[in-house]
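Look over the sequence and the fold first, then read on.

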Amino acid sequence: SINSISALCEATGADVNEISRAVGIDQRIGRRFLNSSIGFGGSCFQKDILNLVYLCETYGLHECAEYWNQVIVMNDYQKKRFTEKMVSSMFNTVTGKKIAILGYAFKKDTGDVRETPSMFVVRDLVLEQAKIHVFDPQVKREDMWIEMDYTCGMTEKTHPGLDKAVTTSPDAYSACDGAHAFAVLTEWDEFKTLDFERIYKGMAKPAFVFDGRNILDHAKLREIGFEVHAIGKPDPNKFSDL
């Protein structure tokens, strides 16, 4: 909210028009970045927002601080409700079910796993006793566990059986083979062109798709036979015209 920034400008001696001009120069601010997803990751954006919260609190702008803190709250909510949607859609249990996770990095074209939304989804599914198979073109298994320990405090010691519960697969097809569901959690371009008919044939039925990045052709997947759920899209179990 530019209004919350205006209050901070008054408190610090800054000019809100200069802030608006600077922000407007960034081409990332606009339609291309108004896409819903399972949430943002990476260390920088969350750190910057929390710094803004701190500044607002320092200058006694509590309403502004609460506004920006809600960005963090909403981001956490988005990740949590995605996992809850997976569980509820799969007959309210994923215990013992194989679930393929396609993408672990917090964004495509990187192996960076800091604060990645995928980690929180995997954590919650493991706690639901699902069998997780992860494929990411660049992420190393060791990096997954380091970040899981650092951010979530979750290790083999704290959660015996964790290492066995999460398998890292060499490709998307082996990750999905025999799975009850697959979830796209990083927007890797290669996931758009997978042979989904091949994947469907190898999966348990009903075969569920959870598109956390809205990068797949949902109509085509439904024609193949998948039950598709996606962020911000109508639930196929509630709307019969899908």
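## Overall make-up

The model is predicted. The protein has ten helices and six strands. Taken along the principal axes, its C-alpha atoms fill a box of roughly 65 × 45 × 30 Å.

Of the 242 residues in the protein, 43% are buried. Counting contacts between residues at least 6 apart in sequence, 71% join residues at least 24 apart.

## Surface and charge

The protein carries 29 positive and 35 negative charges.

## Helix H1

Helix H1 spans residues 2-12, and its buried residues are Ser4, Ile5, Leu8 and Cys9. These residues are on the same side of H1 because they cover an arc of only 145° around the axis. Their cover includes three other helices: H2 (16-25), H3 (43-58) and H4 (62-89).

On the face of H1 turned away from the buried side are Asn3 and Glu10, which are exposed. Just after H1 comes Gly13, with a positive phi of about 85°.

How values were computed:
Residues numbered from 1 in each chain as written. Predicted model: local features only at pLDDT ≥ 70, side-chain atom pairs only at ≥ 80, totals over all residues. Heavy atoms only, no water. Buried < 20%, exposed > 50% of the residue type's maximum accessible area, 1.4 Å probe, protein only. Helix = DSSP H or I, 4+ residues; strand = E, 2+ residues; numbered from the N terminus. Arc of directions from axis to C-beta. Contact = heavy atoms within 4.5 Å. Lys, Arg positive; Asp, Glu negative; His and termini not counted. Charge placed at Lys NZ, Arg CZ, Asp CG, Glu CD.
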